[in-house]
Amino acid sequence: MAEFVTVAKVGDIPNGQGRAFVVHDQIVAVFHLDGQYYAINDLCPHQGASLAEGHVENQMVSCPWHGWRFRVTDGTWCDNPRIKTDSYPVRVEDGQIQVAVEQS
Ligand code: FES
């Protein structure tokens, strides 16, 4: 079971945006949507752009390079829902945003 790691404080990620954080050996994109936080693998599986820099709308982030769209809630690739990128549990404890990522 992965342990939760603090990546940011509440307020560090503006609503409707994402930020990338290194957790263990992974880069994780954490998104803030109306007080809820979601975390998926930051690296776009197409060519590795940072999904945290993408535009977020309707709980989907569009990759900043070629526009592939992923659901921030669970990492589903919206254009082919059989495929997912990794998503991670997120919680807020004492104003700290924490993400649980398995160590490889
Ligand atoms: S790198 Fe993300 S869609 Fe191409």
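Modeller: Strands (E, at least two residues) are DSSP runs, numbered from the N terminus. Also, this is a predicted model: local features need pLDDT of at least 70, side-chain atom pairs count only at pLDDT 80 or more, and totals for chains, interfaces and linings use all residues. Residues are numbered from 1 along each chain as its sequence is written.

Biologist: OK, in what order do the 4 strands of the open sheet come?

Modeller: The order is E2-E3-E4-E8, with antiparallel pairing.

Biologist: And which are the edge strands?

Modeller: E2 and strand E8 (87-88), each pairing on one side only. E8 runs antiparallel to E4, and 2 bridges join them.

Biologist: What stands opposite alanine 39?

Modeller: Tyrosine 88 in E8.

Biologist: Switching to the largest nonpolar core: which residues touch the most other members?

Modeller: Among its 25 residues, those are Val28, Ala29, Val30, Ala39, Leu51, Val90 and Val99. By core I mean buried Ala, Val, Leu, Ile, Met, Phe, Trp, Tyr and Cys residues joined through C-beta atoms within 7 Å. Buried is 20 or more other C-beta atoms within 10 Å of a residue's own, exposed is 12 or fewer, and partly exposed is in between, with C-beta atoms placed from the backbone.

Biologist: Which strands supply at least two residues each?

Modeller: Strand E2 (17-23), strand E3 (26-33), strand E4 (36-41) and E10.

Conventions: Two strands pair if DSSP finds at least two bridges between them.
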